[in-house]
Amino acid sequence: MNLLPHPLRHPLAHVQARLTRWWQHRLPLSDSVTLTQRNVYILPTRAGFMLGLTLLVLLVAAINYQLNLGYLLTFLLAGSALVGMHVGHGTLHGLSLNLTAPEAIHAGAKAIFSVHLHNTRKRTRYGIGLAVLDTRQWAWTDVAGQASSTVQLAYLPERRGVHRLPTLTAETHFPLGTFRVWTLWRPAAQVLVYPAPEVPAAPLPAGQAHEGSAHASATSVQGEPDGLRAYRRGDALKTIVWKKAAKTGELVSRDSQILQQQTLWLDQQQTGLNQPEAQLSRLCAWVLQADQLGLIYGLRLKHQEIAPASGLVHQQRCLRALALA
């Protein structure tokens with residue numbers, strides 16, 4: 001959450017920020033919304049205020065000089081502005097918005113999510129922009145009659161953990177640009193942010209042999225486990241030793257049976273680092289390495305322990321634990 005401006009140094013900005021926060025908190029949380037008269041707002045733009053001032057000058061001049069053509073021009077322009085206001089309001093009124101929650105990301109990356117706009121009326125809605133509130137990164141689209149359109153927005157979370165998506169805004173200046181019609185929307189979707197993996201990644205710690213395994217001694221798994229054999233058709237790409245293939249031109253695979261005889265514990269207390277965030281960053285890199293090598297690994301944190309396993313589900317479980325640690 002953004003900090004409020006200092007009340008003594010910037011009193012007006014402080015009051016405005018508090019009112020904006022109070023207003024946003026009154027909005028319901030929902031991943032889908034239909035725009036109605038209750039949640040669509042309209043105000044003149046700078047061009048609209050200038051047009052109003054111009055119309056006032058024209059009206060005064062027409063009254064002063066009794067110009068019938070002056071009256072005609074003034075009321076013609078005023079009528080056009082009013083019609084433009086009505087058309088602009090109708091561009092958003094009745095539009096349905098639906099949000100698709102973003103996938104989990106690592107800290108420092110942007111969360112990309114999609115917003116689907118559904119138009120149930122027969123006429124096309126032009127010039128609709130969507131953006132994260134208080135940003136200038138607008139995504140503009142037109143929505144054809146009885147059709148849908150999709151725009152993608154980006155959001156940069158401040159740190160790891162679970163974050164609710166920020167308040168979104170949609171607006172249009174169609175057709176004349178004299179009125180701004182907009183709405184605010186608070187999505188209920190959340191994004192999970194994993195720690196950023198350490199770069200370059202440190203070597204994996206030593207693995208431990210399974211009970212009853214023929215390999216009783218612990219073996220180091222520092223990026224290339226022991227047990228190589230000739231490539232067999234159907235071997236997973238991640239088991240191929242690509243460095244050796246580049247040097248000799250022969251495909252060599254790691255023996256999956258020997259890989260499975262090693263259990264790797266990724267322990268927060270044994271990362272060799274003092275800072276908690278640095279520890280989690282190293283553990284994150286280790287989890288990604290171990291999964292890429294197809295190893296059996298477990299995770300030990302200060303207040304949580306995940307039993308050894310392998311696979312995508314286990315990897316996501318470990319990464320989630322690191323994100324929430």
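**Strands, core and loops**

Author: Let's begin with strand E6 (residues 125–132) and strand E10 (residues 168–172), which run antiparallel and are joined by four bridges. One of the contact points along them is Ala131, whose bridge partner in E10 is Thr169. Two strands are called a pair here if DSSP finds at least two bridges between them. The names are DSSP runs numbered from the N terminus: helices are H or I runs of at least four residues, and strands are E runs of at least two.

Before going on, please keep in mind that this is a predicted model, in which local features need pLDDT of at least 70 and side-chain atom pairs count only at pLDDT 80 or more, while totals for chains, interfaces and linings use all residues. Residues are numbered from 1 along each chain as its sequence is written, and side-chain values use heavy atoms, with hydrogens and water left out.

E6 and E10 belong to an open sheet of five strands with antiparallel pairing, in the order E2-E11-E10-E6-E7.

Strand E5 (residues 111–119) runs antiparallel to strand E3 (residues 96–100), with five bridges between them, and Leu117 in E5 is the bridge partner of Leu97. E5 also runs antiparallel to strand E8 (residues 147–155), this time with nine bridges. There, Ala111 has Tyr155 in E8 as its bridge partner.

Now for the side chains. In a regular strand they alternate between the two faces of the sheet. The largest nonpolar core holds 28 residues, and those with the most contacts inside it are Leu99, Phe113, Val115, Leu117, Leu130 and Leu168. The elements giving two or more residues to this core are E3, E5, E6, E7, E8, E10, strand E11 (179–185) and strand E12 (190–194). E5 gives the most, with four residues. A nonpolar core is a set of buried Ala, Val, Leu, Ile, Met, Phe, Trp, Tyr and Cys residues joined through side-chain atoms within 4.5 Å. Buried means under 20% relative accessible area, exposed means over 50%, and partly exposed is in between (1.4 Å probe, protein chains only).

Setting aside neighbours within four places in sequence, Phe113 is in contact (heavy atoms within 4.5 Å) with residues including Leu99, Val132, Val151, Leu153, Leu165 and Leu168.

Next come the aromatic rings: the whole structure has three aromatic pairs. Tyr41 and Trp182 have ring centres 5.6 Å apart and planes at 45°, so this pair is tilted. The pair links distant parts of the chain, with Tyr41 in strand E2 and Trp182 in strand E11, 141 residues apart. Trp182 counts as buried, at 11% relative accessibility. Tyr126 and Phe174 make another tilted pair, 5.5 Å centre to centre with 35° between the planes. Tyr126 lies in strand E6 and Phe174 in the loop between E10 and E11, so this pair ties together parts 48 residues apart in sequence. For such pairs, rings of Phe, Tyr and Trp (its six-membered ring) must have centres within 6.5 Å; planes under 30 degrees apart count as stacked, over 60 as edge-to-face, and the rest as tilted.

Phe174 has another feature to show you. Most residues other than glycine have a negative phi, and most peptide bonds are trans. Phe174 and Pro175, however, are joined by a cis peptide bond, with omega about 5°; Pro175 is in the loop between E10 and E11.

Finally, look at the loop between E6 and E7, where Asp134 is placed. Asp134 is not a glycine, yet its phi is positive, near 70°. With a relative accessible area of 71%, Asp134 is exposed.
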